[in-house]
Amino acid sequence: MDELTRRNPALPSLPPPPMEEPTRRNPVLPFIPTPEEVKTPTEKSPFRVFGTKAFFRLWVSQVFSSTGDWVGLTATLVFARKLSGGSEYALSGVLVSKLLPGLVFGSLALVLLDRFDKKLLMVGSDLARVVLYASLPFVNNLALLFVVSFLAEIFTLVWGAAKDASIPQLVEG
């Protein structure tokens with residue numbers, strides 16, 4: 001007898017929903033585990049930090065992605081200082097262009113998550129950020145620098161939302 005029926009005996013008792021097997025749309029991308037990885041028991045140890053190989057791979061990718069974000073922010077601030085001649089307004093403009101996408105497109109990133117494959121979103125947004133940060137040496141005015149920073153932050157939002165949504169599939173419950 002489930003909790004809701006126990007509280008109200010007049011309600012009919014419903015059977016629990018069937019458990020679905022996790023699916024993989026693209027087995028080449030490493031983040032979502034195969035059904036075999038999910039069913040494989042892991043060694044119980046107080047020194048074991050990562051529950052599954054897939055979660056460890058996600059953690060390693062997050063380390064590289066986060067390092068790239070900080071290097072990109074530093075590079076963007078250096079280019080803003082260089083292009084503006086040391087103006088503090090240019091540095092604050094970069095920070096505003098980094099904060100604005102979260103206010104404007106934060107909810108849109110969550111809607112994208114439901115419509116597309118999370119792995120593809122994470123890999124695609126990381127590649128887009130690499131291209132945007134690699135284009136920084138070719139930026140020759142502040143407005144274009146703000147646009148690059150704005151777009152990079154949009155892809156950062158998409159990557160973070162996809163990562164957060166994929167973690168429950170990677171860890172044991």
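Reader: Is Leu-103 buried or exposed?

Author: In this predicted model, Leu-103 counts as exposed, because its relative accessibility is 73% and the cut-off for exposed is over 50%. Leu-103 lies in helix H4.

Reader: Which residues make a nonpolar surface patch with Leu-103?

Author: The patch is made by Val-96, Leu-100, Leu-103 and Val-104. The area of this nonpolar surface patch is about 400 Å².

Reader: Let me step back for a moment. How many helices and strands are there in the protein?

Author: The protein has 6 helices and 0 strands. Read along the sequence, the pattern is α-α-α-α-α-α.

Reader: And what percentage of the residues count as buried?

Author: The protein has 173 residues, and 31% of them count as buried.

Reader: Now Leu-142. Where is it placed?

Author: Leu-142 is in helix H6. With a relative accessible area of 25%, Leu-142 is partly exposed. That class lies between the cut-offs of 20% for buried and 50% for exposed.

Reader: What separates the C-alpha atoms of Leu-142 and Gly-93?

Author: A distance of 8.9 Å separates them, while the two residues are 49 residues apart along the chain.

Reader: New topic: salt bridges. How many does the structure hold?

Author: The structure holds 4 salt bridges. One of them joins the side chains of Asp-69 and Arg-129, at 2.6 Å from N to O.

Reader: Why does the pair of Asp-69 and Arg-129 tie parts together?

Author: Asp-69 lies in helix H3 and Arg-129 lies in helix H5 (residues 118–134), so their pair ties together parts that are 60 residues apart in sequence.

Reader: Is Arg-129 buried or exposed?

Author: Arg-129 counts as buried, at 3% relative accessibility.

Reader: Which residue forms a salt bridge with Asp-126?

Author: Asp-126 forms a salt bridge with Arg-129, and the closest N and O atoms are 2.3 Å apart. Asp-126 and Arg-129 are 3 residues apart in helix H5, so about one helical turn separates them. Asp-126 counts as partly exposed, at 22% relative accessibility.

Reader: Which residues do the salt bridges with shared partners join into one network?

Author: The network consists of Asp-69, Asp-126 and Arg-129.

Reader: One more distance, please. How far apart in space are Asp-126 and Ala-152?

Author: From C-alpha to C-alpha, Asp-126 and Ala-152 are 9.3 Å apart in space, and they are 26 residues apart in sequence.

Reader: Which residue forms a salt bridge with Glu-153?

Author: Glu-153 forms a salt bridge with Lys-98, with the closest N and O atoms 3.5 Å apart. Since Glu-153 lies in helix H6 and Lys-98 in helix H4, this pair ties together parts that are 55 residues apart in sequence.

Reader: Are Glu-153 and Lys-98 buried or exposed?

Author: Both Glu-153 and Lys-98 are buried.

Reader: Last topic. What lines the second largest pocket?

Author: The lining is made up of Asp-69, Trp-70, Leu-73, Leu-95, Lys-98, Leu-99, Glu-153 and Thr-156. Helix H3 (53–84), helix H4 (88–115) and helix H6 (142–170) are the elements that give two or more residues to this lining.

Reader: How many of the lining residues are nonpolar, polar and charged?

Author: The lining of the second largest pocket divides into 4 nonpolar, 1 polar and 3 charged residues.

Reader: How much space lies in the second largest pocket?

Author: The space in the second largest pocket is about 160 Å³.

Definitions and conventions
Residues numbered from 1 in each chain as written. Predicted model: local features only at pLDDT ≥ 70, side-chain atom pairs only at ≥ 80, totals over all residues. Heavy atoms only, no water. 1 Å grid on protein atoms, 1.4 Å probe; cavity = no way out; pocket = protein on both sides within 12 Å on 5 of 7 lines; lining within 4 Å. Points joined across faces, edges and corners; volume = space filled by probe spheres on them. Helix = DSSP H or I, 4+ residues; strand = E, 2+ residues; numbered from the N terminus. Nonpolar A, V, L, I, M, F, W, Y, C, P; charged D, E, K, R; others polar. Patch = residues over 30% accessible without salt bridge, like charges linked within 9 Å, V, L, I, M, F, W, Y side chains within 5 Å. Areas by Shrake-Rupley, 256 points an atom, 1.4 Å probe, with all protein chains shown as cover. Buried < 20%, exposed > 50% of the residue type's maximum accessible area, 1.4 Å probe, protein only.
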